[in-house]
Amino acid sequence: MLRKSSALLAAAALLPLGATAHSAAAAPAPAAPTAACTYTPAVPADNFKGIPVFDPVKAAKPYSATLRTSQGAITFRALTDKAPCTTYSFKFLAQRDYFDRSHCHRLTTARIYVLQCGDPTGTGSGGPGYSFPDENLTGATYPAGTVAMANAGPNTNGSQFFFVWKDTKLSPAYTPFGRVTAGLDVLQKIAAGGEDDQNNPGDGFPTLPVNIKNVRVKNS
């Protein structure tokens, strides 16, 4: 899903910020695979923790991450073999408490089924101060339990990500980097609580507050 700073993903179409469903634009073509992992300085730099330097040996080590939220714990297995640049960035931020005391700011419940998190400002416009390339997009699908990056277009990944709580059809433009291993029921409970439609019908702030207390990484 696209970050609010650039666009909103509503239903199966991409909507520029402030647009309505009547002016939906076509989904962008997925970016070509990128061989190198480079973290490039970018704005905004909210809750700035520095810019990681990619280490392929460390990046290859498998891990799981547990988000302890006000609605319950959600654990996912990081796909370090398929999305090493993304999983290395997530681990870098998590180990520096980047996500702690933030909240998941967006829930969609119509045609696409995701909970979006990772913005320390809670507005949908925040980022960590760097961006990095897309990866793991060839044949990408988004079944329930997928963890994938939100973005503002090709190769603009930052800190925002989303959980898929129900099988969802999306263009393969959002890097999948994890699989939920525990807590899918928590995501479904949040979804059942609904949202406030502030972006579009079926797209808004979750009614049940999802405050991230902390994120803990465990090497596998």
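## A buried threonine and an enclosed cavity

Thr 168 is buried, with a relative accessible area of 7% (buried means under 20%, exposed over 50% and partly exposed in between, with a 1.4 Å probe and protein chains only). This is a predicted model, where local features need pLDDT of at least 70, side-chain atom pairs count only at pLDDT 80 or more, and totals for chains, interfaces and linings use all residues. Residues are numbered from 1 along each chain as its sequence is written, and side-chain values use heavy atoms, leaving out hydrogens and water.

**Around Thr 168**

- You will find Thr 168 in the loop that joins strand E11 (161-164) and strand E12 (176-182); strands are DSSP runs of E, at least two residues, and helices are runs of H or I, at least four, numbered from the N terminus.
- The side chain of Thr 168 reaches two backbone atoms: the nitrogen of Tyr 113 at 3.1 Å and the oxygen of Lys 166 at 2.8 Å.
- Leaving aside residues up to four places away in sequence, Thr 168 touches Arg 111, Ile 112, Tyr 113 and Tyr 142 (contact means heavy atoms within 4.5 Å).

**The second largest cavity**

- A cavity is a set of points on a 1 Å grid over the protein atoms alone where a 1.4 Å probe fits but cannot get out, and its lining residues have an atom within 4 Å of a point.
- The second largest cavity has a volume of about 40 Å³, where volume is the space filled by probe spheres set on the points, joined across faces, edges and corners.
- Helix H2 (residues 84-94) gives the most to this lining, with 4 residues.
- Other parts of the chain join in too, with Phe 132, Met 149 and Phe 177 among the lining residues.

Note on methods
On a 1 Å grid over the protein atoms alone, a cavity is a set of points where a 1.4 Å probe fits but cannot get out, and a pocket is an open set with protein on both sides within 12 Å along at least five of seven lines; lining residues have an atom within 4 Å of a point. A polar contact is a pair of N or O atoms within 3.5 Å; within protein, one must be able to donate a hydrogen and the other to accept it, and residues adjacent in sequence count only if both atoms are side-chain atoms.
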